[in-house]
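Thanks for passing this one along. Please have the model open beside these notes; they go point by point.

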Amino acid sequence: LTLAVAVARRKRTLLLGQRAEGGLFGGLWELPSAEIGAASEGPKALLRLLGDGAWVGQRLFSLQRTLTHRDLELVLYEASVPGPLEGRGEYQAWQWVDPAQVAQLGMSSATRALLERVGHGPR
């Protein structure tokens with residue numbers, strides 16, 4: 001499974017989305033992501049998710065993880081999102097979060113690893 005992941009910052013906050021219940025990472029908070037077949041599809045998939053006016057920049061890095069029954073590759077891109085996001089993709093909620101509050105949210109170990117790598121890990 002390969003996911004394109006966006007790290008979008010606004011002032012001192014990060015954009016996080018809460019996955020809908022029942023699916024992969026159901027109910028957990030994470031950086032916005034979209035399933036892709038190959039890393040080259042990442043920017044287009046993220047633009048579809050983030051909507052009009054969004055910008056997706058260059059690939060920053062990728063991170064490999066192993067879930068119970070499959071391998072996971074997370075490909076991270078810098079992004080900006082000018083407007084509000086409501087009910088987009090597989091997310092039920094969106095929030096701009098101060099990195100100091102990240103530790104209070106339920107999130108996967110993969111998301112925590114990404115946040116630590118970009119310098120916004122739980123404190």
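**Notes on the model**

1. Let me start with Q18: this residue is buried, because its relative accessible area is 17% (buried means under 20% relative accessible area, exposed over 50%, partly exposed in between, with a 1.4 Å probe and protein chains only). Q18 is found in strand 2 (helices, H or I of at least four residues, and strands, E of at least two, are DSSP runs numbered from the N terminus). A polar atom of the Q18 side chain lies 3.1 Å from the backbone oxygen of G27. Leaving out residues up to four places away in sequence, Q18 touches G27, L28, W29, E90, Y91, Q92 and A93 (contact means heavy atoms within 4.5 Å).

2. A word on the basis of all this: the model is predicted, local features need pLDDT of at least 70, side-chain atom pairs count only at pLDDT 80 or more, and totals for chains, interfaces and linings use all residues. Residues are numbered from 1 along each chain as its sequence is written, and side-chain values use heavy atoms, with hydrogens and water left out.

3. Now to helix 1 (42-50), where G42, A45, L46, L49 and L50 are the buried residues. They sit on the same side of helix 1 because they cover an arc of only 125 degrees around the axis (the arc is that of the directions from the helix axis to the C-beta atoms). K44 and R48 are exposed on the other side of helix 1. The cover over the buried residues of helix 1 includes strand 1 (2-10), strand 2 (13-19), strand 4, strand 5 (55-66), strand 6 (71-80) and strand 7 (91-97). After helix 1 comes G51, with a positive phi near 85 degrees.

4. Which residues of helix 2 are buried? They are A110, T111, A113, L114 and L115. Among the elements covering them are strand 1, strand 2, strand 3 (29-30), strand 5 and strand 6.

5. Do look at S108, in the loop between strand 7 and helix 2 (109-117). S108 counts as buried because its relative accessibility is 9%. Its side chain reaches the backbone nitrogen of T111 at 3.1 Å. Neighbours within four places in sequence aside, S108 is in contact with F25, L28 and W29.

6. Two other loop residues deserve a glance. K11, in the loop between strand 1 and strand 2, has a positive phi of about 55 degrees although it is not a glycine. K11 is exposed, with a relative accessible area of 84%. L67 has its place in the loop between strand 5 and strand 6, and counts as partly exposed at 22% relative accessibility. Not counting residues up to four places away in sequence, L67 touches L24, F25 and L72.

7. Last, the largest pocket, which has a volume of about 220 Å³. On a 1 Å grid over the protein atoms alone, a pocket is an open set of points where a 1.4 Å probe fits, with protein on both sides within 12 Å along at least five of seven lines, and lining residues have an atom within 4 Å of a point. Grid points are joined across faces, edges and corners, and a volume is the space filled by probe spheres set on the points. Of the 14 lining residues, R19, S33, A34, E35 and E90 are the closest to the centre of the largest pocket. Strand 4 (33-36) and helix 1 each supply at least two residues of this lining.

Definitions and conventions:
A polar contact is a pair of N or O atoms within 3.5 Å; within protein, one must be able to donate a hydrogen and the other to accept it, and residues adjacent in sequence count only if both atoms are side-chain atoms.
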